[in-house]
Amino acid sequence: MAGIECTFCLNPEVHRNPKLCQHCQCWDNLHHMMSCSGPQLDRFIGYLCKIFDAKPPNSFVGIHFPCHVSLRQFEYRSVEDIVKTLDCLVCQTLVDGLQRLELKTRPSHIILWKVWPGEQHVKGEDMRKRQGFWTSNFLLTIYAVYADDDHEESGTIEPHFLELELSYTSGLHGLDDIKLWDRSLVSLQHIKDWLSYCKQHHRGICDRSLFSGDLPPGFRVIDISTMSVIEPQGSVEFVALSYQWATATAYEDRNVMLLRDDNDISKRRAPKYLSESCLPEVIWDSIKFCQDIGQRYLWVDRLCVYQDDDDKDRLRQVQIDAMDAIYSLATLTLVACANGVGVGLPGVSGRARSNFKNNEWLHISTPQYPGLCFGGPRLYESFADQSSWNTRGWTFQERAMSRRRVFFGHSHCLLSCCHNDWEESFKYDLANDTQRRNNPSDVSSLSDISRRTAKGEERDYNYGEYQKALRAYTARSLGHASDVFNAFAGVNNILMERLKTTSIFGLPRIHFLHGLLWYRRRPPSSYPEGEIPKAIPSWSWASGFGAITDAPGHHSTLGNLVRFWYSENGIVQGVVEATSWFDQSPITVRYDLSVGDELKRFYENTRRHIAKWRPSEPNVWETCPHNPLEAINHRYIMEESKALAEQIPGCLVFNTTEAPVRVTINRYHTLNAESPIDLLEQAAVDRGESLGKPRVFDIVSDDGVKIGYTHPEAFPENHKLPSAPGEFFRCHAIVIGASEKHRKDDAPPITYRGRVLKGGSLWSLHVMLVDKNDNLSTRLGLGMIYTPSWEKLNPTWKTIFLV
């Protein structure tokens with residue numbers, strides 16, 4: 001609209017529309033209603049955000065907008081006068097709109113401010129000539145005024161939007177019709193246009209294989225044409241559904257699922273096996289939606305994967321292990337993210353939407369900024385990221401693996417592919433969708449696996465990507481404890497493929513030491529049913545629930561002072577990993593080096609990876625009981641130790657230094673409530689979840705001297721470590737690695753054998769607190785001890801069996 005002169009402002013008396021009252025003649029000029037009506041955007045946006053209790057749109061972040069806009073700039077209209085105006089298109093539509101808003105009481109006045117364009121269709125001549133027929137969807141900013149004693153500005157106002165369809169007979173002039181915009185149902189045509197466009201123009205991105213796997217044997221789908229469950233012959237195009245089991249239906253008798261029972265097998269293949277009366281609402285809505293957009297096959301877990309508890313034939317597990325293949329090979333994933341039990345997919349045929357309250361402002365564009373939409377990335381935050389669906393463990397990989405997704409909220413649909421995002425109700429110019437989302441909101445929560453992989457950015461994958469994905473997953477909740485690995489299997493498969501390694505109980509083999517350095521930042525929002533599988537060892541993050549994070553430090557400054565050995569299927573093998581200290585990667589690992597040569601390589605690697613490395617005087621490594629030379633001499637374990645470990649599946653066996661210690665709560669650093677450290681924790685706070693009470697412990701010697709500390713961890717109630725200040729608990733500390741510990745310039749000096757250690761940094765030992773029962777040790781927590789302090793404990797070399 002920029003550059004178009006408003007003829008109404010120049011001469012408001014020229015044109016008269018008989019369908020409008022005197023007061024509403026301004027509606028006859030669309031340009032005037034969008035650009036000239038009320039305060040300008042740059043003066044009003046702060047006020048708009050304030051009254052809607054929302055942050056400024058992303059497009060305006062960093063720009064200051066004044067929030068003080070006088071209501072005197074607006075024109076008040078009496079609701080009583082509007083109701084009496086029967087022969088005006090606009091007034092009667094406003095009356096109907098007030099009824100749609102379902103206000104608690106009738107306001108005395110209303111304020112109208114601008115209409116905001118949505119999708120636009122121009123028929124006839126070029127719009128610049130202002131000819132042809134124009135019809136469009138708009139949002140009208142409207143405020144309900146509840147005046148006190150007939151003084152409008154002393155009353156209260158409530159902001160709302162009315163959704164309108166406007167038709168003009170001659171370009172920007174000649175209002176022919178106005179009615180409330182019916183958004184009760186999904187715009188199927190928009191979705192089909194988007195899907196068709198994506199398949200045609202994003203083929204190299206959105207149809208690119210995310211990994212090398214195929215669909216699993218025994219793969220099943222719902223054949224919508226026959227309403228039966230089948231095993232397709234050959235490759236078929238199918239749609240997948242992502243939803244929550246707990247909220248799938250409001251009816252107890254709609255619980256049909258796939259079982260191994262012979263009668264069930266024969267029934268599911270029969271035509272018309274499935275019907276609305278036996279299916280949860282969300283599944284029935286998905287079937288209807290697939291019919292509407294012309295898709296024949298639908299995959300739903302409860303109908304396409306065996307749900308029996310007994311899985312001796314592993315037919316169920318085969319499907320679970322292939323979730324990455326199923327969701328990444330689906331042409332489209334339907335995401336049921338509307339909160340509530342039995343709400344289904346709002347907006348599909350037969351299930352009209354019922355909630356539009358105040359979500360629409362995120363989607364408005366402006367004449368001053370043509371083509372600009374306030375919503376964009378914030379659409380995720382408006383209903384997808386904040387939904388209960390997004391808190392579930394299973395939905396993490398379902399969202400991450402899918403190449404195309406349709407998010408169904410209560411009042412909107414969001415269309416998302418590996419290239420970009422669109423909002424269903426406001427039609428974007430698909431032909432001009434060249435601007436890719438470089439930083440979509442799900443990057444922080446999901447590592448944006450499918451989008452980055454589809455764009456060929458595998459080279460950027462490193463251990464940090466694994467960390468982000470794991471932190472996001474463990475912050476979610478599960479219904480059954482036994483699913484702790486299953487719900488992460490798909491994401492884990494792709495991440496391990498990108499890292500060119502395999503995992504051991506969820507820890508990347510090539511970054512095994514770094515994987516051990518986890519601790520639980522906060523407890524889960526709810527604990528799942530059942531128990532964690534007994535085979536999961538205490539050193540794996542999957543041994544409990546709650547959001548985890550890694551110990552501070554970067555991989556390049558992390559030194560491996562331990563050679564880990566792992567027991568699996570009765571065989572004990574060394575864990576070959578890449579580190580900056582002992583370079584044991586499969587390409588460069590050498591077994592023919594002397595101890596002196598390997599020690600020399602250790603120092604060379606350390607200096608190369610750590611530019612600021614300066615050995616302190618005296619050299620603490622030469623006298624530390626767990627120094628690199630001693631670590632090299634203790635790499636290998638005895639045959640009798642291997643024999644014992646072979647009998648304990650999942651056991652880590654290694655040689656390290658061990659010392660008895662006491663731990664007690666640190667009175668100053670244990671927090672009553674942690675502050676959010678990232679977007680994931682902030683989202684949890686926004687949902688009303690508690691971050692828990694992480695505890696920090698002092699590690700002290702038998703004579704009461706503090707020699708280290710633990711990382712702040714949220715322990716379960718039955719944990720062995722003390723829960724009250726002043727209590728002490730005896731356990732053992734074992735060294736698992738080391739890293740450069742940066743110290744502030746004003747930090748107290750550290751002395752070693754009577755001499756002050758100089759320099760801005762100091763090497764510290766990563767220690768694991770363990771509880772010992774005969775020969776077996778279990779993890780209690782994670783901490784750090786300064787290298788000089790370790791000697792004071794008189795540690796000894798031991799063979800540890802960590803279970």
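## Aromatic pairs and the core

Searching the whole structure turns up 17 aromatic pairs, where rings of Phe, Tyr and Trp (its six-membered ring) pair if their centres lie within 6.5 Å, with planes under 30 degrees apart counted as stacked, over 60 as edge-to-face and the rest as tilted. This is a predicted model, so local features need pLDDT of at least 70 and side-chain atom pairs count only at pLDDT 80 or more, while totals for chains, interfaces and linings use all residues. Residues are numbered from 1 along each chain as its sequence is written, and side-chain values use heavy atoms, leaving out hydrogens and water.

Here are two of the pairs:

| Pair | Centre to centre | Angle between planes | Class |
|---|---|---|---|
| Phe396 and Phe488 | 6.3 Å | 25° | stacked |
| Phe512 and Phe564 | 5.6 Å | 65° | edge-to-face |

Phe396 sits in helix α14 and Phe488 in the loop between α17 and α18, so their pair ties together parts 92 residues apart in sequence. Phe512 belongs to helix α19 and Phe564 to the loop between β18 and β19, so this pair bridges parts 52 residues apart in sequence. Helices here are DSSP runs (H or I, at least four residues), as are strands (E, at least two), numbered from the N terminus.

Phe396 is buried at 0% relative accessibility, with buried meaning under 20% relative accessible area (1.4 Å probe, protein chains only). Phe488 is buried too, at 1%, and so are Phe512 and Phe564. Ring pairs link Phe396, Phe488, Phe512 and Phe564 into a cluster that also includes Trp539 and Trp541.

How values were computed:
Buried means under 20% relative accessible area, exposed over 50%, partly exposed in between (1.4 Å probe, protein chains only).
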